[in-house]
Amino acid sequence: MSSYSFLPPDNFLGLDGEISAYATSRVVVLPIPYEATVSYSGGTRNGPRAILQASTQVELYDREFDSEPAEQLGIHTLPALAPRMDGPQAMVDAITEAVAEQARVGKFVVGLGGEHTVSVGVGRGLAQVFCADGAPLVTVQIDAHSDLRASYEDSIYSHACVARHLNELGPVIQVGIRSVCREEVDYIAANPERVRVFFAEEVHARPAYLAELAERVRGQRVFLTIDVDGIDPSLVPATGTPEPGGLSWGQTLDVVRTVARAGHIVGCDCVELAPLPGYHAADFVVAKLVYKTISLALLTRK
C-alpha cells in the first residue's frame, strides 16, 4: 500500500489525451507543491501550478530538433504529490517512493517544486532504481547557492542542505553559484573529488569550463536539478532568494545540452519558482526551460 497521496492534476503543455496518455508516455511530470523550510520569501508551493499553467502557452515545435518532442516522447502529468505535514523527512521519503515507483517502470521523471528540499527525494528515488548496482548518481546542480550546509535553522532537511544529502549519492557538480557561507567553502575545499563548483564568475569569464563539465559527467548517470535562482533575476525574478549575476538563457541551455550529450540524464527537477501576481513572464521562462530540458535529455542520447 503506497504511503503517499495525490492532489487533482493539471496537464503539462496542455497536451491532448493521445500524446499524454500514461501508458505510452516516456515522460512523467510530477508536481510537488511542498514548502516548509524556506528562509526568506515564500510562495514556492505555488510554483508547480504556475509552471503547468504557463506551459500551455509554450510552442511544441523545437527548431533544434526540427520536430515536436512532446509528440515523439509522450509526456504525462501526474496528480500533484500531497504535502506531508509531519516534517520534511516524511515528505522526502514520500517523494523518494513516488519517484522510484515511476522510474522503475521506465518513466523519465521530471519533478516540479516546490522548495529545493524536494530534490533530495527525487535524487534518492532515482538512485534506488538506476544505482542499485552501486554506481554513483552524479548530481548537476544549477543554482545561486551551494546548499551544502549540514543543517540550517535546526533542520538537516532544510533547502540549504540539499546538496549535502545528494553528495551521499555521488559527486555533485554545481554551476552558477554566487552565494556561499564559510561552512560550505570549507566543505568544498575538503572534498575536491566529490564537489566541483563552477562559480558564476567562472561561467561568465571562461566558456571553456563546459569541456571540464562534459568530462566530469561523461558516461555517468546524472540527476539534473535546476533551482531557478541559478538563472539571472532579470529573467526569473520570481524566486524566494534571488541573487544578481546569474546564468543567461543561453548559458543555462549550454549546461543542459553539455550534460545531455556527455552523460546520461536519468531524471531531473526544477524548483524554487515563487510566482509573482500579475507577472507571468518568469513562469513562462521556467515552463519553456522544463520542456527544453526534457527534449535535450531524451533526444540527444546516443
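Contact here means heavy atoms within 4.5 Å; axes are lines fitted to C-alpha atoms, for helices over the stretch in contact, and angles run from 0 to 180 degrees between N-to-C directions. Helices (H or I, at least four residues) and strands (E, at least two) are DSSP runs, numbered from the N terminus. The model is predicted: local features need pLDDT of at least 70, side-chain atom pairs count only at pLDDT 80 or more, and totals for chains, interfaces and linings use all residues. Residues are numbered from 1 along each chain as its sequence is written, and side-chain values use heavy atoms, without hydrogens and water.

**View C. Strands 5 and 10.** Four bridges join strand 5 (residues 108–113) to strand 10 (residues 264–271) in the parallel sense. V109 has G267 of strand 10 as its bridge partner.

**View D. Helix 9 (residues 209–217).** Its buried residues (under 20% relative accessible area, 1.4 Å probe, protein chains only) are Y209, L210, L213, A214 and V217. They lie on the same side of helix 9 because they cover an arc of only 145 degrees around the axis, taken from the directions from the helix axis to the C-beta atoms. Their cover includes strand 7 (172–177), helix 8 (200–205) and helix 10 (249–262). Just after helix 9, G219 has a positive phi of about 75 degrees.

Methods
Buried < 20%, exposed > 50% of the residue type's maximum accessible area, 1.4 Å probe, protein only. Pairing = 2+ DSSP bridges.
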